Structures are given as structure tokens and as C-alpha cells.
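Visitor: I'd like to go through this model with you and hear what stands behind each label. Could you show it to me?

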Amino acid sequence: MLNFFQLILIYSGVYAMMAIGQNCITGYTGMLSLCHAGFFCIGSYATAIMCKTMGLSFWLSLPVAAIAAGIIGFLIGVPTLRLKGDYLCIATLGLGEIIRNVATNINPVGYNSIPRVTLFGYQFASRNKLAFIVLIWVFVLIFYLLFQRLAHSRIGRAMTAVREDEVAAASNGINVTAYKIISFVLGAAVGGVAGCFQTAYTLTVQPASYTFMVSVMVLCTVVLGGMGNGKAVILGAFIIQFISYFPQLTGLTNVIPAQAKQIIFGLILVVMMIWRPQGLLGRDKFRYGDPRTFSERVSDTFRRKGKGGAV
Amino acid sequence: MTLLETKHLTREFGGVIAVNDVDFIVTEGLVTGLIGPNGAGKTTLFNQITGVDKPTSGSIFFDGKEITGLPAWKISRMGIARTFQNIRLYRELTAVENVMMGLHFKVGESPFHNRFQQAIKSYIFASRENREVYSKAMEWLRFFDIDQSAQEFARNLPYGTQRELEIARALAAGPKLLFLDEPAAGMNPAETEHLMHVVDKIRSLGVTVVLIEHDMKLVMNICDQITVLNFGMKIADGTPNEIKKDKAVIEAYLGREEE
Ligand SMILES: Nc1ncnc2c1ncn2[C@@H]1O[C@H](COP(=O)(O)OP(=O)(O)OP(=O)(O)O)[C@@H](O)[C@H]1O
Ligand SMILES: [Mg+2]
């Protein structure tokens with residue numbers, strides 16, 4: 001039971017990282033893309049190939065995975081990002097599957113016994129889950145901070161404008177296409193890095209683990225937590241992984257069929273879209289890091305009270 | 001001095017010629033009215049000029065440079081701002097955030113840095129830049145006297161305030177030329193009265209204004225120059241007094257209005 005709890009912490013770290021990327025694409029910029037499994041796959045393969053076949057360090061595979069996923073994101077993004085809503089969703093879904101198929105063709109059986117990650121002589125063995133929890137969550141924290149800052153910067157503001165109204169954004173001098181591509185590439189890059197950690201933990205890579213279902217889970221994570229809200233997305237990752245491992249956690253694997261979680265994820269998506277499209281936590285009130293000074297904050301509070309609490 | 005000029009501007013939608021061979025001239029410093037019956041092609045003309053849509057043929061010159069077919073974001077950076085007939089605010093953002101978007105290229109861009117350097121700079125100095133953008137946006141809200149609504153979501157604002165907010169957002173970009181598409185539509189008489197003061201304020205900033213409007217009293221009161229469209233064609237232009245007397249205009253438009 002503790003074992004599964006630790007497992008949940010590890011996988012929610014990996015999914016939190018992916019969700020940070022998906023959040024950049026869907027939450028900040030409003031593009032409904034469904035190919036994070038593809039970027040995840042690229043990252044996993046990058047680590048597998050570099051560590052196993054080439055004998056290079058895991059740490060070197062991190063930037064390579066990020067760049068490779070970013071480049072593929074760019075190649076996917078340029079032709080598809082002109083599409084809107086459902087069309088973008090379907091196009092990216094197809095391209096995500098193509099990435100998996102290419103991976104299958106490169107090596108249909110995948111990779112096994114990939115060398116372990118070492119840091120200053122310390123070896124991260126899969127048995128030692130605690131070490132992995134620390135390793136992965138340190139990186140989740142780093143990416144969380146980097147993307148939080150992005151959201152609160154001029155770039156993030158422009159992405160928000162694009163999400164809210166493309167025509168108005170363009171009329172405000174915002175290069176809509178450029179910001180969509182930036183957002184897509186950055187989101188793809190983190191997805192790639194998440195793949196590296198997946199490989200580092202499992203030490204095996206199989207093309208079958210990068211299906212469309214992974215993309216759905218990542219999207220589900222973002223929708224459940226709250227689109228555009230960095231903290232919410234991490235909360236979402238916990239919940240989704242908890243649901244995923246619920247049968248193992250409670251020892252009910254014989255009672256609850258494995259397909260149940262897919263049904264639950266589908267339900268979560270539908271229910272959230274209908275009843276709480278803003279997600280569990282909703283959006284940050286001050287997306288731009290509350291730029292008011294302390295005195296402005298105080299005076300705003302009083303003014304609002306004076307008006308009878310209307311926000 | 002001519003600030004904006006269209007030459008033989010035409011836009012066809014399938015069989016419909018929404019704008020037909022229009023030569024439209026905007027003189028710097030004046031308030032120009034664009035009037036015409038419903039479906040005359042006024043909004044379509046705005047859309048061609050501001051780059052929201054591309055013309056079928058003809059050309060557009062702004063400030064001595066040709067801008068025909070440029071994307072909207074480039075045109076807006078050259079100094080043309082606009083509002084929309086059916087308000088296009090960022091509805092899920094607060095009033096002040098809306099104006100912050102209008103400041104997109106006013107703060108955080110300098111001619112000494114390339115795009116990449118600018119992005120890195122904006123990323124590193126994000127909070128300082130935010131404070132600057134925020135306080136400038138608040139100044140614009142105060143200018144229109146709507147700063148008490150700064151933290152409210154745009155979608156929750158009263159209609160008249162939404163219109164003003166959209167104008168504030170457009171002006172925040174520091175344009176030379178401002179297009180207002182039916183700013184008084186849906187306003188009550190008091191709000192319309194207030195709008196006249198707003199237009200005066202904009203004029204006092206030295207911004208040239210073009211406005212589409214159906215309210216004849218408003219148009220005749222605040223415009224220095226009027227252009228009339230009908231079925232996509234320009235049928236007249238001149239001062240309000242000339243337009244009032246123009247036969248073609250009376251026939252196409254005013255005659256029906258005054259009955
Ligand atoms: N995107 C479009 N596709 C097809 N036809 C269009 C499109 N936009 C405008 N039209 C047509 O072009 C003509 C002019 O429309 P436009 O909106 O410019 O008129 P308007 O003068 O702004 O009218 P109103 O006073 O009602 O706003 C109309 O016949 C309209 O149906
Ligand atoms: Mg119109």
C-alpha cells in the first residue's frame with residue numbers, strides 16, 4: 001500500500017510535468033491539442049537511445065529530449081495551428097499517433113534494461129522510490145516555477161489574449177500565429193522532458209505505452225485541475241494518478257476492471273466541461289502576479305467593501 | 001493632411017460586393033463619420049483597413065505607406081486601433097487586464113533589441129514590466145473614469161462601460177488613428193451624451209477618429225467630415241452641412257430616416 005502510494009507520487013510527478021506542458025498549450029493559449037503522448041514518446045526514446053545505444057548520460061538526454069520534442073512540436077504546429085477547436089484536436093491526435101508509429105518502426109520491441117540514472121556517484125535504482133520522488137518533484141518544481149513566470153510575463157499575457165479572442169488580440173498588435181507556435185513548442189518540450197523521467201524510472205520503453213489514452217489523461221489532468229492555473233494542474237495530476245492506481249491501492253484489482261479508469265476519465269472530461277469548465281481551482285484572480293502595490297491592494301479592498309462586496 | 005486613403009477598394013463575398021471601388025479619405029486631426037444604411041459595407045470597409053480581412057482589390061495607404069493586405073497585428077503596430085461593432089473584449093479577464101493587452105507593444109519592446117532578446121528580457125523582468133503595464137492601464141481607466149471597475153470581469157460590466165473599456169484598450173496602444181464601429185449602439189440617451197464627451201477627450205489627445213454611427217444627431221454633432229456608403233459604393237462625402245443637403249444621400253438614407 002505504501003508502495004503504491006509512492007508509485008502514485010512518482011507518476012503524478014511525471015504527469016504533472018506533462019500537464020505543465022499541456023497547460024501551456026491548452027490553458028494559456030487555448031489550443032485543444034491531443035498529442036502530448038507523442039512528445040512524451042519522443043522524450044522516452046531520446047533517453048532510451050542515448051543511454052542504452054550510445055552509452056551517454058541521462059542528464060545529457062534531458063536537453064536533447066526537450067529540443068527534439070520542441071522541434072517536432074514546431075513541425076506539427078506550423079501547419080496545424082491555423083486550425084481551430086475540434087479540427088486542431090483531430091489533426092494533432094493523428095500526428096501524435098504518427099509519432100508512436102514511427103517509434104514502433106524504429107524499434108518495434110522497444111528498449112530494455114536501460115542504464116540507471118546516476119548523480120554524483122549515486123545510483124537511482126527503481127527499488128528506491130523515495131529517491132525518485134525527490135528527483136522528479138525537484139524537476140516538477142523547476143518547471144512549475146519557469147512556466148508560472150512565463151504565464152505572468154508579457155509573453156503569457158499575449159498567450160492569454162490569443163486564447164480569449166484571436167481577432168481582438170491581433171488588433172492589439174499581438175502576432176497570434178507566433179505566440180501559438182511559441183506556446184506549442186514550449187509545451188512540447190516539457191512533454192519530452194517528462195518522457196525522460198518515465199524512462200529513467202521504468203528503465204524500459206515500449207511503443208505501446210504512448211497511446212492516445214496518455215494524451216487524454218494529460219488533457220484530463222489539466223481540465224480537472226483548472227486550465228491556465230499552474231497549481232491546479234499539479235493537483236489534477238495527483239487526482240488522476242490516484243484514480244488510476246485506486247484498484248491497486250485498495251487491493252481491489254479483481255473487482256474493478258482495468259477499463260474502469262478510462263470510463264472515469266471520459267466522465268471527468270464531460271462532467272467538468274459541463275459543470276465546472278474552469279476546473280476545480282479555477283483561474284488565478286491576478287494572473288499577472290498581482291502587479292498592484294501594497295497600498296493599491298488595501299485601497300482596492302476597501303473600495304470593494306464600500307460598494308457592498310461586489311467583485 | 002491626408003492620414004489614410006483607400007483607392008478603388010473592393011471586397012467581394014461570393015456574389016455580394018460588400019465594398020465597391022471605394023475611395024475613402026481620412027484627414028489628420030478631424031473626426032470623420034462613416035454612415036450608410038444597414039449592410040452598406042461600413043464594417044467591411046473597417047475590416048479591410050485594419051487588416052481583419054483582406055480586400056479583393058484596390059489599395060490602402062496609411063501615413064504615406066501602403067498597408068494593403070498586411071496582417072492586423074502589423075497594422076495595429078503602425079498606429080491604427082479599432083473597436084468592434086459587437087464588442088470584442090476579453091470577457092473572462094478583468095477591465096484592467098483588458099487594457100494591459102492594449103499596451104502589448106507599448107511596454108517591453110525597444111528598437112535596440114531583436115525579438116529573441118526582447119522575449120528573454122520580458123521573461124526575466126516580468127514583474128517589473130507587469131507593474132509598469134498595470135499602472136499605465138490604470139491611468140487609462142482613470143482617463144475614462146472607469147477605474148472603479150478595474151478588478152471586475154469585463155463580461156460583468158454594464159454595456160456602456162464595456163464600450164468605453166474597449167475604447168480605452170484601443171487607445172492604450174497609442175494609435176494615430178482610431179476606428180469606432182457603432183460606439184453608441186445599444187446605449188441610452190444619457191450614455192450617448194457621455195460618449196460625445198469621450199470622443200472629445202480622444203480628440204484632445206490628438207488622435208484622429210473615424211466612427212460608424214446610425215445616430216444622426218450624434219454624427220452631425222461631432223463629425224467634421226462625413227462619408228456616405230450605400231450598397232458598398234461611396235455616394236457622397238463632405239461636411240455635415242453638405243451631407244444634409246446632398247440629394248443622393250437624402251434619397252438613399254436621410255429621407256427615409258426623417259419620415
Ligand atoms: N464575412 C462575410 N461573408 C459574407 N458576406 C458578408 C460578410 N461580411 C459582410 N458581408 C455582407 O457584406 C455586406 C456589408 O456588410 P457590413 O457588415 O459591412 O455592413 P454595415 O454597413 O456594417 O452594416 P450595419 O450597419 O448593419 O453594421 C452585407 O450584405 C453583408 O451581408
Ligand atoms: Mg457594421
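Visitor: How do you know that there are residue pairs in polar contact across the interface of chain B and chain A, and how many does the rule find?
Guide: A polar contact is a pair of N or O atoms within 3.5 Å; within protein, one must be able to donate a hydrogen and the other to accept it, and residues adjacent in sequence count only if both atoms are side-chain atoms. Across the interface of chain B and chain A, 15 residue pairs pass, both partners at pLDDT 80 or more. The pLDDT matters here since this is a predicted model: local features need pLDDT of at least 70 and side-chain atom pairs 80 or more, while totals for chains, interfaces and linings use all residues. Side-chain values use heavy atoms, with hydrogens and water left out, residues are numbered from 1 along each chain as written, and chains are lettered from A and ligands numbered from 1 in written order.

Visitor: Which helices of chain B supply the side that touches chain A?
Guide: α2 (72-78), α3 (95-102), α4 (115-124) and α5 (126-143) of chain B each give at least two residues; helices here are DSSP runs (H or I, at least four residues), numbered from the N terminus. The largest share, seven residues, comes from α5(B).

Visitor: What makes B:R88 and A:D165 a salt bridge?
Guide: The term asks for a side-chain nitrogen of Lys or Arg within 4 Å of a carboxyl oxygen of Asp or Glu. For B:R88 and A:D165 the closest N and O atoms are 2.8 Å apart, so the pair qualifies. The count between chain B and chain A is one, and over all chains it comes to 11.

Visitor: How many residues are in contact between the two chains, and how much area do they bury?
Guide: With contact meaning heavy atoms within 4.5 Å, 41 residues of chain B touch 38 of chain A. The chains bury about 3,500 Å² between them, 54% of it on carbon and sulfur atoms. That is the accessible area (1.4 Å probe) that two parts lose on being put together, summed over both.
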